[in-house]
Structures are given as C-alpha cells and as structure tokens.
Amino acid sequence: FWRIAKSRRLNPTTATQGEVYIAPSSPTGDFAGHGNQIAVCLGGNKWHFIVAQPGVRMYIADEDALFV
C-alpha cells in the first residue's frame, strides 16, 4: 500500500524523499501537467510522476480511506 495525501495543489516546499501525493485534476507548481497522477518525492524537491493502473491499492491519509 502507498500512504498518500490527496489535497495538495502545489508541490510541498519541504517534501521528504519517499513522500507520495495525488495531484488534483488541475494542479499548479511542479505538479502542473500531471493531473490525477501519483507524485513521488525523490528528494530535493524532485518528483517522479506515475499514472495509476487498475488494481493499485492506496491509503489516502487525509481522507482516512483505502482505494483500489
């Protein structure tokens, strides 16, 4: 499972390597152009974006919910 925060619109300025977020549908900042993608912090405010595939399980921390 990935523990994810869903409410971010901008990339966090103090992100730590390994933190994971879901970019909203119309994000800004470093998340711009990556709407609804999973953003993984690689450290140093560098991000890797992933398109979720069917069947991926995620725990959305700010909603306290498990999604598949």
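**Exercise 1. Work out whether Phe-31 is buried or exposed.**

Start with the cut-offs: buried means under 20% relative accessible area, exposed over 50%, and partly exposed in between, using a 1.4 Å probe and protein chains only. Phe-31 has a relative accessible area of 0%, so Phe-31 is buried. Before going on, keep in mind that this is a predicted model, where local features need pLDDT of at least 70, side-chain atom pairs count only at pLDDT 80 or more, and totals for chains, interfaces and linings use all residues. Residues are numbered from 1 along each chain as its sequence is written, and side-chain values use heavy atoms, with hydrogens and water left out.

**Exercise 2. Classify the ring pair of Phe-31 and Phe-49, and say which parts of the chain it ties together.**

Step one is the rule: rings of Phe, Tyr and Trp (its six-membered ring) pair if their centres lie within 6.5 Å; planes under 30 degrees apart count as stacked, over 60 as edge-to-face and the rest as tilted. Here the centres sit 5.8 Å apart with the planes at 90°, so this pair is edge-to-face. Next, place the residues: Phe-31 is in the loop between S2 and S3, and Phe-49 is in strand S4, so the pair ties together parts 18 residues apart in sequence. Strands here are DSSP runs (E, at least two residues), numbered from the N terminus. Phe-49 also counts as buried, at 19% relative accessibility.

**Exercise 3. Find how many aromatic pairs the structure holds, then classify the one between Tyr-21 and Phe-31.**

The count is 4 aromatic pairs. For Tyr-21 and Phe-31, the ring centres are 6.5 Å apart and the planes meet at 45°, so call this pair tilted. Tyr-21 belongs to strand S2 and Phe-31 to the loop between S2 and S3, 10 residues apart. Tyr-21 is buried too, at 7% relative accessible area.

**Exercise 4. Describe how strand S3 is covered and which strands pair with it.**

Two strands pair if DSSP finds at least two bridges between them. S2 (residues 20-22) pairs with S3 in the antiparallel sense over 3 bridges, with Ala-39 as the bridge partner of Tyr-21. S4 (residues 46-50) runs antiparallel to S3, joined by 5 bridges, and Val-40 stands opposite His-48. Finally, look at the turn: S3 and S4 form a hairpin with 2 residues between them, where Gly-44 has a positive phi of about 60°.

How values were computed:
Helices (H or I, at least four residues) and strands (E, at least two) are DSSP runs, numbered from the N terminus.
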